[in-house]
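Please look at the model shown below.

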Amino acid sequence: MEAVFDVLKLSWKYISHPLFEISGNQISVISVILCLIFFAFSIKIGNLTEKFVQRFLDDKDLDSGVKGSISRFTRYAVIIIGALIALDTIGISLQSLAALGAVLMVGVGFGLQNIAQNFISGLIILLERPIKIGDIVRVKGVDGVVIEIGARSTLIHTRDDIAIIVPNSQFISEQVVNESFSGEKIRLHLNIGVAYGSNTAQVKEILMNIASSHKEVLIEPAPTVLFMDFADSSLNFELRVWVKELWTYDNILSDLRFSIAEQFENEKISIPFPQTDLHIKTSEIKF
């Protein structure tokens, strides 16, 4: 029993022995362990606080993006406060952190540059809310619905059932298309070319009838057909329709194309393909 007591006493001596000193505060192994435990505890409390705030705001008349931003900021605030308290328990004050940060800034600044940039971009997204959870967005070739906005990155679920992690900085520095930002409907454009000599009034009537008969096309705003151009090989029209289905609107465009191709074939209206006529002239060579 005495041997065990001696081992514990010796172990305590080593873990409580100062390793280094910061602004007059001696840092030991036990103080670092206590700091890490308190910081881990603050992270746990932050996660629980976020869930509690989410449940509290569920029945409130607020936008889902606002609810997510409030709960996420609450979690960050709890973790930051917990980290400051954890550091204070080992005697590291804000002044000490400033002094330590000045020393380490040059060394780790470049290494943490991307992380800091993405974290600040995440805060900007939560504050300005250019995108929010549930929005359908397109950034740098990635197209899908936002399902999570994290501190460093945003998780996007594509139409191919693939989850893609996009750094938050791309939503701030790149051009972003948000198809859900202005409302619950979107206007689709369908370009059609017909051969020269076609009855343009008939073409417009066919396109309007096809658009109006599709169950996913909105009656208001009404579909429109525009005569866009006299092209090299065709008369170009554009069919514009409004739909509410933002996630699978490519299926609606496909249905419209099938119907147009079938109706044009029935009405003997040709859809031309690009072609170039080459005329060769020969001359008689005299000797």
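Helices (H or I, at least four residues) and strands (E, at least two) are DSSP runs, numbered from the N terminus. This is a predicted model, in which local features need pLDDT of at least 70, side-chain atom pairs count only at pLDDT 80 or more, and totals for chains, interfaces and linings use all residues. Residues are numbered from 1 along each chain as its sequence is written, and side-chain values use heavy atoms, with hydrogens and water left out.

Q: In which helix is the place of Ile 33?
A: Residue 33 falls within the run of residues 29-57. That run is helix H2.

Q: Is Phe 237 buried or exposed?
A: Buried means under 20% relative accessible area, exposed over 50%, and partly exposed in between (1.4 Å probe, protein chains only). Phe 237 has a relative accessible area of 3%, so Phe 237 is buried.

Q: What kind of aromatic pair do Phe 227 and Phe 230 form?
A: Rings of Phe, Tyr and Trp (its six-membered ring) pair if their centres lie within 6.5 Å; planes under 30 degrees apart count as stacked, over 60 as edge-to-face and the rest as tilted. Here the distance is 5.1 Å centre to centre, with 45° between the planes. The pair is tilted.

Q: Why is the pair of Phe 227 and Phe 237 stacked?
A: The ring centres of Phe 227 and Phe 237 are 4.6 Å apart. The pair is stacked because the planes are at 20°.

Q: Which strands does the pair of Phe 227 and Phe 237 link?
A: The two residues are 10 residues apart, in distant parts of the chain. Phe 227 is in residues 224-230 and Phe 237 in residues 235-243, which are strands E9 and E10.
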